[in-house]
Amino acid sequence: MVMKSSVGVSYSAFWGIPYTKPPVGKLRFANPEPNDPWEGTYDATKPKNACIQYIVLVPSAPMFGVEDCLYLNVFVPDRNAHHSDLLPVMVYIHGGSFAYGSAQPEQRNPSRFMSSRKVIIVTFQYRLGVLGFFSTGDSAAPGNFGMKDQVMVLRWVQKNIQAFGGDPNHVTIFGESAGGASTQLHMMSPLSKGLFHRAVSMSGSAISAWSVPIENPLELARNHAKVLGIVDAETLPTADLIEKLRDVDAAELITSAELLKVWDIHPVVFYHPVVEPVETPEAFLTEDPRVAWRRGAYASVPWLTGSIPKDGSFVTQTVYRNNSLIEDLNKKFTTLLPLVVRTRVTENKLMRLRKRFLKNTSPINWITKDNYDEITKMISEAWFLYPMMRSIKQHLANRKRSPISVYSFEFLGQYSFSALYTGTDKPYGITHLDDVIYLFQIPLLFPDFTARSPEAEMSKLWVKLILDFATNELAAKDGTCYGKKCDVITFNNTYDPHYPVRRTISQGLDEEMYTFWKSFFEDVA
């Protein structure tokens, strides 16, 4: 199908190409299998349904999607006949807490990349939530099925992208939030070795508290089976347990996971990657990513990573939209905090948190209707900024030859995902995923930008950074870390009507923040 970008550039869209067999029946809770070839002409003119999901973050959101959802899309810019060189390829991994998101055009339309005519874009869907990340911790259901789906896409690209004019030896993987964590996980996975050549992790780390492996997947599996009413869920052999769960309706599997939540809709990220037994065939992850990354066991490829300073906002906004939730969380804060940060929390650590973040909050309270900014800063640092900086520092300590570039996205535009998270138009400032609005068109949620608006100008700068990285055009010393120092490419507002946005270089990372959280996570006192 021929499409046009907002600036009139034509490109071809190939929708809904199957990259594995449908993950249904015996292939539910199983590694993906290569798709059978088809005969004749395949109809690639229509997008496929999203993977089945229930977005608890969004007030009153309905369940949607289907289980047969493993399809990809390829977008190819129109080029003059004399431009016959193979184009770099960018494979996009959508985010969504490993439980939500899709590659449908109303959620992620890559036309802004197509306007450059420099790259081929591949988007795709992978299994989510319990269907993508359920595990019994053994061969019955080794887990990481959603990650293995992603590997199958990368293998498909290596095998087929040249037929679309793409260079299989010049592939960049990029993603935001859980997609950013997935990108970093691919750098460590033996299954992904050699399948990509550059990586971009946006607002997501593989060593964050919300993305590191589930500690006891079998316990979670049995608890989930129990709430579904499966008889003898606590004692059934794992192979029998899986057979029982394969008979459960997919929608019931998804919704029943909510019964396992500890408080309200939290933890937001419930099912996520696991460490598989070493002997598992086609194991995606056989070592804790915190250990693997620290010792340098990952692909030595150019890496671009960055964040939004208030990335933790998607968590806090689900609380601060409701006064009763604020009051309830205030009462339970010290009990729930260890589950949030995935580490032991002592009285001394609580005192340090209060001293750093809650100087203006009454000593008898933790969560109040007036301290959204402080709690958002706490979650943003613990879940996003610290693990990102930890990864950067360990990469530098490993003395890898591959360069690393760092950005900070701080531009505040007229559109924000906060409206989705809170169900209100109340301004919350820049919010987690807001940078994606400037990479992709998202017609389901946001109108396109007015020409020459600050948002349109920001989009040009932001897309250019990602394109420059993927096409080897990012200057070697622009936002790159040297020795122990990093220059950070920063995007923000100027509020000058003639030059409303700017791209600058900030010197260094936040060492004070890093020191605080390193002590918090590594000290037991």
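Predicted model: local features only at pLDDT ≥ 70, side-chain atom pairs only at ≥ 80, totals over all residues.
**Figure 1. Domain 1 and domain 2 in contact.** On the side of domain 1, 62 residues are in contact with 64 residues of domain 2. About 5,400 Å² is buried between the two domains, with carbon and sulfur atoms giving 63% of this area. Within domain 1, the residues that lose the most area to domain 2 are Arg112, Trp263 and Ser307, which together make up 16% of what that side buries.

Figure 2. Two salt bridges are counted between domain 1 and domain 2. Arg112 and Asp448 form a salt bridge, and their closest N and O atoms lie 3.0 Å apart. The side of domain 1 that touches domain 2 takes two or more residues from each of several elements: strands S4 (87–93), S6 (166–176), S7 (198–202) and S8 (303–307), and helices H1 (111–114) and H8 (289–294). By class, this side of domain 1 has 30 nonpolar, 22 polar and ten charged residues.

Figure 3. Tyr126 is placed in the loop that runs between strand S5 (120–124) and helix H2 (129–133). Its relative accessibility is 0%, so Tyr126 counts as buried, the cut-off being under 20%. The side chain of Tyr126 reaches the backbone oxygen of His94 at 2.7 Å. Not counting residues up to four places away in sequence, Tyr126 touches Tyr19, Cys51, Leu70, Ile93, His94, Gly146, Asp149 and Gln150. Asn492 is 366 residues from Tyr126 along the chain, and the C-alpha atoms of the two are separated by 33 Å.

**Figure 4. Helix H4.** Helix H4 covers residues 178–188, and eleven of its eleven residues are buried, so the helix is largely enclosed by the rest of the structure. The buried residues of H4 are Ala178, Gly179, Gly180, Ala181, Ser182, Thr183, Gln184, Leu185, His186, Met187 and Met188.

**Figure 5. Helix H9 and the helices it packs against.** Helix H9 (residues 313–320) is mostly covered, with eight of its eight residues buried. These are Ser313, Phe314, Val315, Thr316, Gln317, Thr318, Val319 and Tyr320. The buried residues of H9 pack against helix H10 (323–341), H12 and helix H13 (418–422).

**Figure 6. Surroundings of Thr376.** Thr376 is part of helix H12 (residues 372–397). With a relative accessibility of 0%, Thr376 counts as buried. The side chain of Thr376 reaches the backbone oxygen of Tyr372 at 2.8 Å. Leaving aside neighbours within four places in sequence, the contacts of Thr376 are Lys310, Gly312, Ser313 and Thr316. Ser313 and Thr316 are also among the buried residues of H9.

Technical notes. Residues numbered from 1 in each chain as written. Heavy atoms only, no water. Contact = heavy atoms within 4.5 Å. Buried area = accessible area lost by both parts, 1.4 Å probe. Salt bridge = Lys/Arg side-chain N within 4 Å of Asp/Glu carboxyl O. Helix = DSSP H or I, 4+ residues; strand = E, 2+ residues; numbered from the N terminus. Nonpolar A, V, L, I, M, F, W, Y, C, P; charged D, E, K, R; others polar. Buried < 20%, exposed > 50% of the residue type's maximum accessible area, 1.4 Å probe, protein only. Polar contact = N/O pair within 3.5 Å; in protein donor to acceptor, adjacent residues only side chain to side chain.
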